[in-house]
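Me: I am new to this structure. Could you walk me through how to read a few of its features?

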Amino acid sequence: MSDDIGPALPEDQFRRLAHETAGIVADYLAGIREDPVFRVMPDMVRRRLKEQALDEHSVSAPQLIQEIREFVLPYPMGNGHPRFFGWINSAPAPVGILAEMLVAAQNPSADVGDIAALHVETAVLGWFKHLMGFPAEAAGILVSGGTMATMTGLAAARQWVAETDGWDVRREGVRPPDGRRLLIYVSEETHSSVRKAVELLGLGSSALRTVEVDGRYRMDPDSLLRRIEQDAGPGERPFCVVATAGTVNSGAIDPLARIADICGRHGLWLHVDGAYGAVASTHPLVAPSFEGIARADSLSIDPHKWLSVPVECGCALVRDGDLLRRTFAYVPPYLHTEEGMGIGGPDFAQYGFQQTRGFRALKLWAVLRHMGGRGMRELIGRHLALARELAGLIDDAPDLRMAAPVTLSVVAFRYVPQGTADDPEALDRLNRAIEVEVQNDGRVFLSTTRLRGRLVLRACVLHYDTRAEDLVELVDVVREIGADLAAKSASHQSRPSTEAEGT
Ligand SMILES: Cc1ncc(COP(=O)(O)O)c(C=O)c1O
């Protein structure tokens, strides 16, 4: 084969480059701890990446690898770094990185067929069904992440309410009988992906009913019950509750068992968004807080969050597997296969929105098997312990205040220099400025959110190599930058009056 025809590469060159690339990857991973977590990209690099024209002539493969090394690898998001505490993004497990390369070599479409990809996906879905206490007749599918998992679960919920109430959503669209309005209950802490899914499913965001949370940011089941009872009039059809097992803001876990009771009694579908937290239900320290998760009608889990599976990897489980098939199934003639004949085999395209699908299961299969069940629980346990340790450091610092109790591995807190506690808006601005400065500084990385309207710093412990000393550094950096910014702001405020005096 000639190397100037399309994408082909001579075998000896591929072999050499593959070895070199593996070396680059190994060096990159080995050096991460010494690198800044995040570095601002020079303008020249940004422009080069954004504005690169497509050349008419071929660029050699070694040159491409060199360019990636020089212009891409040094500018990551930062989540591979053990002192990255932003949002909910983990580092990729090394066996997951290797699996990604092997998947790319095979490059199947994991939709239909008696092919390895689909049997591996069946296996990992079986593990999750078992871990989450779902029955064997449940069905699941791997998707891009928590957002698409929730979309899948809520599509099943919509199919369910239509079948239950005797209308055909797939044919007619969202047209419940008597013009009744479908209602979905969420909490103030529900992730934004639920709203996106509700909008895209044609339910309209005005279908969302927001239930208050308690002092620990958990959905208040009494308020939920009251709202459902109030809404259950002739014009409205409460049909779904989205509970969260591990909120993005603080890691709170809604009281799932009580919510499941309410859903059971009032005929509502229960979707549990466990994108971040569901896997922690396997750890004895926090398992009791997840009681009721196995009663969900649908569940989102995100292996690319806590389990260090390289992005993208989300998972939707639906208790009634046949219902999930009825939500999506459609086989045109050109896709018709029969199990046991030719390539005919499992058909995942009937259980989700995508036709051509990536082989996401292999990296998940590799990462889970490499850790084993015990290793997975140890990883989770370590993060739970580190988050509690971080909360202890924050409690001990006179200028830091915890903003929410620690349930999982998110720690929400605020920098509060002495004498400023009574000016919450100034504190919001100061904490926002701290976030930006910490990110630019590069020693650690965290993000912010709002709790009860106030801006808070939040650190999420998810990296498999984060150590106690990294937490100390996080606290030190926030306090150092916080003190610096607070001092600058104080001198800035005092300057005009001084100048006025001088004139
Ligand atoms: C609770 C929760 N649900 C859903 C999502 C969305 O997941 P993804 O970003 O994988 O689509 C997130 C992301 O952080 C989350 O924390």
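Me: Where is Glu312 placed?

Reply: Glu312 sits in the loop between strand E6 (298-301) and strand E7 (314-318). Keep in mind that this is a predicted model.

Me: What is the peptide bond from Val311 to Glu312, cis or trans?

Reply: Start with the general idea. Most peptide bonds are trans. The bond from Val311 to Glu312 is cis, and its omega is near 0 degrees.

Me: Now the helices. How do H5 and H12 pack?

Reply: Two numbers describe a packed pair: the angle between the axes and the distance between them. For H5 (residues 116-132) and H12 (residues 361-396), the angle is about 35 degrees and the axes are 9 Å apart. Their crossing is left-handed.

Me: Which residues of H5 and H12 meet?

Reply: On the H5 side, they include Val120, Val124, Trp127 and Phe128. On the H12 side, Leu364, Trp365, Leu368 and Met376 are among them. By class, this contact has twelve nonpolar residues, two charged ones and no polar ones.

Me: How far are Gly146, Asp302 and His304 from oxygen atoms of the ligand?

Reply: Gly146 uses its backbone: an N or O atom there lies 2.8 Å from a ligand oxygen. Asp302 uses its side chain, with an N or O atom 2.6 Å from a ligand oxygen. His304 has a polar side-chain atom 2.8 Å from a ligand oxygen. Overall, the protein covers 84% of the 390 Å² of accessible area that the ligand has on its own.

Terms used. Residues numbered from 1 in each chain as written. Predicted model: local features only at pLDDT ≥ 70, side-chain atom pairs only at ≥ 80, totals over all residues. Heavy atoms only, no water. Polar contact = N/O pair within 3.5 Å; in protein donor to acceptor, adjacent residues only side chain to side chain. Areas by Shrake-Rupley, 256 points an atom, 1.4 Å probe, with all protein chains shown as cover. Axes fitted to C-alpha atoms, helices over the stretch in contact; angles between N-to-C directions. Helix = DSSP H or I, 4+ residues; strand = E, 2+ residues; numbered from the N terminus. Left-handed = near helix turned anticlockwise from the far one by under 90°. Contact = heavy atoms within 4.5 Å. Nonpolar A, V, L, I, M, F, W, Y, C, P; charged D, E, K, R; others polar.
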